[in-house]
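Open the structure in your viewer and keep the selection tool at hand. The tour goes from one selection to the next.

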Amino acid sequence: MSTAARPVLVVAEQLDATADMVVDQLNLRDVPVMRFDVAQFPQQLTLTGNHLPTEPGWSGVIDDGRRTVRLEEVRAVYWRRPARPLIADTVPQPYNLWAQNQADAAMLNVLAALPGVPWINNPHADRVASHKPQQLAAATRCGLRVPYSLITNSPDAARAFAKEAGGPLICKPILGGRLDVGDDRQLMVATHRVDAADFDDSISITAHYFQEDIPKAFEVRLIAVGGQVFGGKLITTSEAAGTDWRTDYQHIEYDTVDVPGRVATGVRRFLAHYGIVFGAFDFAVTPEGEWVFFENNPAGTWGWVENRTGLPIAAAHADYLAGAQL
């Protein structure tokens, strides 16, 4: 099969508007696409994979009842936050969960074993790249400035850190940022300012992640994909948005910003360190113009950045997936 006829797999939820943007760009390039959600497997989707002892990867088919794609012909995979497999509700627990885990592992690991197929991003690499404490160390090695930080469950260590930092502090989640509160509702645990005078023995309940509060002229959601970097500028106009812009979207003004060469180089090194090609990076830019790395979400959102600024992020995804790796 010619390269032009090889399909890209887009693995995403059915109502994912960001995935829609990438599919539209692939269509403009006449690149065949098969899109599905892992939630369709195994009830509406069939996977058949064969591995011969003499072959480097898997062969076989994925069939959704309307279209079939051969595994050995896949050009690239865009893995965009798919849901987990859905097992028929006629299967009782604990067998339902066991079957779900089997299906999940089968789909991901057969696709991940396709030789020479580029991904945005392989979720095996995403899992490692998503851990914030590791990110700070990696960003420092890659030449990016990071905040002075402490992870502890010791009230005394927290007080000593506050004294040494000598300025305002924030506290943020180490892992994830949402709590399930029942009735299918979630509560976001936001970054928030803290006062060392309030530190007490409750710090010992679990690990806490403290950082110096970086002064901000503005913030940047930097999107990196396929070697390209795009700077989405966020100017916050309320105290809540200035602390965590996710808590107050009504008080954010959007623009673009050029990414300094040193920062772009550090970001590319960071991605290479983790073996990924996409990242949604959060930076603060100080009043003196210094860029400070906060974190990277290897499966982060970016559709709103393109919609607000016009930056050609979907096109960059399509270029990479189609093979024009710039």
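Which residue just after helix 4 takes a positive phi? Select G143: its phi is about 90 degrees, and its place is just after helix 4. Keep in mind that this is a predicted model.

Next, select helix 4 itself, residues 132-141. Its buried residues are K132, Q135, L136, A138 and A139. In an α-helix there are 3.6 residues a turn, so residues three or four places apart point the same way.

Now show what covers these buried residues of helix 4. The cover includes two helices to select, helix 3 (123-129) and helix 7 (261-274).

Zoom in on V189, which sits in the loop between strand 11 (185-188) and strand 12 (192-194). V189 counts as partly exposed because its relative accessibility is 30%.

Finally, zoom out to the whole chain. The chain has nine helices and 18 strands. Its radius of gyration is 22 Å, close to the 20 Å that the globule rule gives for 326 residues, so the chain is as compact as a globular protein of that length. Along the principal axes, the C-alpha trace spans about 65 × 50 × 40 Å. Of the 326 residues, 48% are buried. The accessible surface of the chain is about 16100 Å², and carbon and sulfur atoms account for 51% of this surface.

How values were computed:
Residues are numbered from 1 along each chain as its sequence is written. This is a predicted model: local features need pLDDT of at least 70, side-chain atom pairs count only at pLDDT 80 or more; totals for chains, interfaces and linings use all residues. Side-chain values use heavy atoms; hydrogens and water are left out. Helices (H or I, at least four residues) and strands (E, at least two) are DSSP runs, numbered from the N terminus. Buried means under 20% relative accessible area, exposed over 50%, partly exposed in between (1.4 Å probe, protein chains only). The radius of gyration is taken over C-alpha atoms; the globule rule is 2.2 Å times the number of residues to the power 0.38. Accessible areas come from the Shrake-Rupley method with a 1.4 Å probe; for residues, only the protein chains shown count as cover. Contact means heavy atoms within 4.5 Å.
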